[in-house]
Each structure stands twice: as C-alpha cells, then as structure tokens.
Amino acid sequence: MPEGTICNKRPVASREDLDALLADSNGKKYYAEMEELDVDAEKLWATIQKTMKSRTKTWLDICAHCGLCADSCFLYSVNGRDPKQVPSYKIQSTLGEIVKKKGNVTNEFMRMCMDTAWSKCTCCNRCGSFCPYGIDMGVMFGYLRGLLHSQGFVPWELKIGSGMHRLFRAQMDVTVEEFVDTCEWMVDEALEEWPCLEIPVDKEDADIVYMINAREAKHYPEDIVEAAILFHVAGENWTMPSEGWEMTSLSMFAGDWEACKMQVDTVYGAMERLRPKRMVATECGHAYRATVIEGPYWAGRPDGKPPVECLHYVEWVAEALETGKLKIDPTKKIKEPVTLQDSCNYVRNAGLRDCGRIIMKHIAEDFREMAPNKEHNYCCGGGGGFNGIGRYRKQRNVALKMKREQILATGAKFVIAPCHNCWDAIRDLEEEFEIGIRWSFLKPLLIKMLVVPEHLLPQE
Amino acid sequence: MYEILTGPLLWIAFAVFFVGLAARVVLYFLGLDWRLDRVAYKPHMAYGLKGAFRSVYRWLLPFGTYSWRAKPIFTVMFFAFHIGLVIVPLFLEGHAVMIRNGLGINWPAMPQILADVLAIAALAGGLGIAVRRLVLPEVRILTDFKDIMLLVLILTLLASGIIATYHTANYSFWITLHVLCGVIVLLTAPFTKLSHIALFFCTRIQLGMDFGIKRGGMKSNFDW
Ligand code: SF4
Ligand code: SF4
Ligand code: SF4
C-alpha cells in the first residue's frame, strides 16, 4: 500500500482529515496503516542531497566514535547505560544508515527510526555540548524527524498536532472568536478582586505584546488572567493579538517544517500589525524556542531575529523585579527549600540561565540548585514531544527518573517550572513516582507575594 | 625502500596532506548555509566569532570544558595522545634535520629527552584509548573496523619511532616502518577520520558560532 487513508505522506489539509485522525482511538488504525506505508526512496534521497550539507554531513563523517557523549544523555543513564542509547549510536544507526543506503530503506527500518527519533531523543541538545567536535545529536534528530515526517512516519499525536497548526494556527482547535471570548469572560470573573483589570486585545503600538501557549486558552485560562494581573500591577502598556497569539509549534516536534513556517508567519504577522515595542512570551520553553530561536529561520528572516525584540517570561519577571516594577513583600517570600527547573529550550538553547537566579533571589529564602544546572541541566524527561505521545508513554515514564533523582538530591519538595512542558513532566513525575513534591509556574507564586499598590485594590 | 619513502613519495604525501586538508576546510565553509543550518552567520559575525573562539579555546584546554572535567582519565589519555602526536613530529631533532636538509630552513628542535617523554606519553595514552574502546560497552558499540585500523596505524607509527630512536639492532626495519606509517597517515588524512586534524576546528567554530549567535550568545556566553 503506497499510502494509507489516515497514515500517509500528505499533511492534514482539512477539518475532515483532522477528524478522521481524531476518530481513530489511540492511533490504532493509524499505526496499522503505517506498517504498510511505502517508502519513497527516491524522494528521500533527493531531499537528503538537497538539504544535508557541510554541517550534518561532516558530523556524520568525523564522529570519532569516542563515546564521550554517552553519559551526557539522560536517556542513556536512566535506561541502565544501555549502549543502544548512546547518542552517537542512536543517530548513526538511523540517519547514518539512511544516508549510507542512499534512502533505500524498508518500512520496518523507517518505523525503527521513528521509534528512535521520538522515544530515544528529546532534542534537548545536551550531548552536543559534551562532544569535542560539537556534534549535536539533538539537531540531527530534528533533521531526521523532518525526513520521517515527509515520508509519513510520524507519531499519531504529532500528525494531529501539526494538523492543528495548519488549520487553526494553534496546537489546539481554538479559533480567534473563542480566544477573544475566553479573555473577556476570564477578566469579568477577576474584576471583583482586581478592579480595572483588562486584557487589551489588538491594541496598536503598545509597549508589550503578550503571546501564549494555546493550552492556556483552552485548558488553563487562569494563566492568562494571572499574566494580566502582573502586567496590571507592573503598570505595563500591553496587549494581546486576536490572531497570532499562539507561540508553540507541535509542528517543530513533528518535523513538519512547512507547518512551522505557517504558524510563525501568523505570529510575526501579529507583531507587524500591532507594532509593539517588545514581545513577552508566556512560561513555555518550546514556545519560546519555536517563535524566537527557530522561527526566524522558518520564516526566512536573514538576520535570524523575530520582527520585534522578544523576551521569555523569566526575562520579563527578572527585569520587573530588578527595576522595581514588581515588588515582593519580604514576609511572603517562599520560606521552604525550593528548586528551579532550567528548561533546555530557553536556558541551554537561548542563554537565559541568569534570569531564573535573579528571580529566585527576589522570591525565595532557601533556593537549592539542581546538579547539574543552568546550561548543563538535564531535560525534564518529556521534551521534544515525548510528553504527548501515547505510544511512548512507558519510555517517557522511565525518562522522568533523572529529574526525580535531581529533585530529590536538592532536598526541596517544591519545584518552580517556568515551562509548560517541564511543568507537565514534573506533574507526571509526581503521579508516577509519588515523591511528595509540588510544582508551580511563576505567575501564581508572584501574585501571592506581590506588594499591590493601594489604588489597584478593590475599594470597600 | 627507505630512500623511496623519504624521497619524492614523502613530498607527494605532504602535498596530498596539505592540499587535501585545505580543500576539506574550504569545502566545509562553502557548504555552510544559514538557511539549512538555521544560523545567521553573516549579520552577527562579531558574536559568532566570539562564540567560535571560546568554543575552540575551551576545548583545546585540558580540563577546559565541563565534558573534559567529567571524564578526567579519558581527558588525560586524550591530551597525552594528541599533544605527543602534534608536537613531537614537528619539533623532533631527527625531523628538524630532515626539514633543514630538505628545505634549507632553520627549523627549531626540542631536547631529545622531552621528545621521548612526550612520545612515550602519547603511546601510553593511545594504548589507553584503545583499551577503553574495547572494554567499555558504550564505546565498543560505536567502534568499527576502520576505527581499529586507524588506531593500529597511529600506535605503530608512535611505537616504531620510539624504538628506532634507541638504535636497536633492527634500526632500518623500525625506521622504515615508521616512515611508512607516516606516509600512510599523510596520504590518507584528507580522506579518513584523520581529517579531523583540520575539521575539528571547522565543526567547533561552527557550533561556537551557533551558540554565539542563535542559541543565546547575545545574552550570555555558553559555558562549555
Ligand atoms: S562525543 Fe562526539 S565524536 Fe564522540 S562518539 Fe559522541 S558524537 Fe561521536
Ligand atoms: S539531544 Fe538530548 S536526548 Fe537527544 S541524544 Fe542528545 S542528550 Fe540524548
Ligand atoms: S520540556 Fe522543558 S526541559 Fe524538557 S526539553 Fe523541553 S524545555 Fe527542555
């Protein structure tokens, strides 16, 4: 069978396509069809020849097979030092083989590659910083995912995810109207406690445009209100776009580069339409990476930068605390031991290691660092799409062990995780291993500790 | 045999070595592509170069990186092996004489005792690396036939050179073997993993630029 009805090389193009995928419970039919899917070897090889140049080619070529990258990969460590989990081995036995065979590989081989690309690597890029040559398996697995996606070998949830981006420009089916409605009723509910609170939508020339992860609009709208409260207290002139508010990119996890471009063009469109001075991104590592770090390249921006200066939430909070826009009541600081999850996406891959420390200095009395930390921190265990793929749930649960050990070693029972994905992984970690921890985003914590100016309080 | 090896063949080997490696470096940089690599090299050259310098410098320094510090025994073996392999051939008295005679340049040489120490350390480091390759499962799984052959070649080169220095009864055998290995190294370097002699700098520069430009280098330097 060259193509299945739901598992095929075509991306989701209509609501019907999407519904057909969604109707397939757990992707049962999808994965069954995948076993019959033909590999278009010619096209695969043509793509490789066109897109695999100096960097990846040399990386594959000169790897010294020294194994220095082995211990750097948390998946290698938590899987009992399984040699098959050595980063170099994982990429050589997949991408390396496809290249060696000039694309002439079997369906079975492609499915093995899919399992490896999505369940044995979270694209955390840690190994790349441990290899003497700077060979970055995370980057190469991203490339491999793109190849696999183009041949239809992509996990069911991610085909749906990138389909959502194609249809809704969001990882979930949230339309412009639904988004604006959500903002309105959430503000209405908060007005009693926070008079004059608003979420200005589509305001032009504001100082800040705030952008989010679609899950906030769909599942935790309180997060949006919390951001509104903090901007309100900080006296920011801010706005949110009615369209182009979604920064995440499941299509990046899926390797669907075309959908990545569609998504980020919408976001940049909003920036260009509203002309804010800066963009502040919500607490999400992969959203930040998609919109701020990778996005400019998908959009083809030669300077590698988004249209306006972009800040991750930790940057905005650090700045607001340092400049006194937000003031913390010293008696309300966190007294118990607390630790901080450094997200690979905005710490290792975007240089924001200091912001977290600045924030902790303001809000915590007993801050405990994980070891290792900052740019050498380990992935939470659920990055790169791992959290959301049912097929690999078992492997993901094993992957959580590294974070469990790191957190336990700090002695803290409270973890601050300013990244959606990390937050999820840590939640699942507690569910799976019951080590008695709690976890939180920054926003609700900050609101509890704020010194609120008199005039913003409700009048009795 | 020795005459052929040290005659024209040696000069051909040098030519292949230098021209070949230079070509690989040039091709490497020509093949970089800001769109495919997703790094805006040109518009942020200054940040890129800063990142590149840091990434090369820190990795050339024994224990200069997080990774080197995490594997102290390997690091010692690695640097002993590589320092010996780079410094000794360049400044060994015997080699200097050949260069002086052949090219007429006043080439400096290092004291023999230092050369001996470095060469023996390199041999020991190389043997350690070979043992590690065979013993550790995480390295064994990566090892292929070519890796073994390459190590055998380099270890033979080192060992024969050391033995020849001590003028044993079979001097001419050892020196011929030594030169033969040297010629093979020169001839094959551009086409095998030995190309890392030059490409190491290329990939390190590239990743340094990647981190210096795109992955946060404008906000904080990556701490290798
Ligand atoms: S550390 Fe680098 S060179 Fe060594 S095996 Fe891993 S990827 Fe290859
Ligand atoms: S990118 Fe991360 S998960 Fe993937 S191989 Fe490297 S260290 Fe392991
Ligand atoms: S989920 Fe968080 S820690 Fe894990 S890869 Fe993503 S950003 Fe990194």
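Q: How do the residues of the shell around ligand 1 divide into nonpolar, polar and charged?
A: In this predicted model, the shell around ligand 1 has 10 nonpolar residues, 3 polar ones and no charged residue. In total 13 residues surround the ligand, and the closest are C63(A), C66(A), G67(A), C69(A) and C131(A).

Q: Which chains do the residues around ligand 1 come from?
A: They come from chains A and B, so the site is shared between chains.

Q: Happy with that! Now, how is a pair of aromatic rings described?
A: By two values, the distance of the centres and the angle of the planes. Over all chains, the structure holds 31 aromatic pairs. One of them is F130(A) with Y66(B), an edge-to-face pair at 5.8 Å centre to centre, with 85° between the planes. F130(A) lies in the loop between α7 and α8 of chain A and Y66(B) in helix α5 of chain B, so this pair joins two chains.

Q: Is F130(A) buried or exposed?
A: F130(A) counts as buried, at 5% relative accessibility, whereas Y66(B) is partly exposed at 28%.

Q: What does a stacked pair look like here?
A: Take F179(A) and W245(A): their centres are 4.3 Å apart, with 10° between the planes. This pair links distant parts of the chain, with F179(A) in helix α10 and W245(A) in the loop between β2 and α13, 66 residues apart. F179(A) is buried at 0% relative accessibility, and W245(A) is buried at 4%.

Q: Where does the charged end of R391(A) sit?
A: Over the ring of Y31(A), 4.4 Å from the ring centre. In chain B, the charged end of R204(B) sits over the ring of W224(B), 4.7 Å from its centre.

Notes. Residues numbered from 1 in each chain as written. Chains lettered and ligands numbered in written order. Predicted model: local features only at pLDDT ≥ 70, side-chain atom pairs only at ≥ 80, totals over all residues. Heavy atoms only, no water. Near = heavy atom within 4 Å. Nonpolar A, V, L, I, M, F, W, Y, C, P; charged D, E, K, R; others polar. Phe/Tyr/Trp six-rings, centres within 6.5 Å; stacked < 30°, edge-to-face > 60°. Helix = DSSP H or I, 4+ residues; strand = E, 2+ residues; numbered from the N terminus. Buried < 20%, exposed > 50% of the residue type's maximum accessible area, 1.4 Å probe, protein only. Lys NZ or Arg CZ within 6 Å of the ring centre and 35° of its normal.
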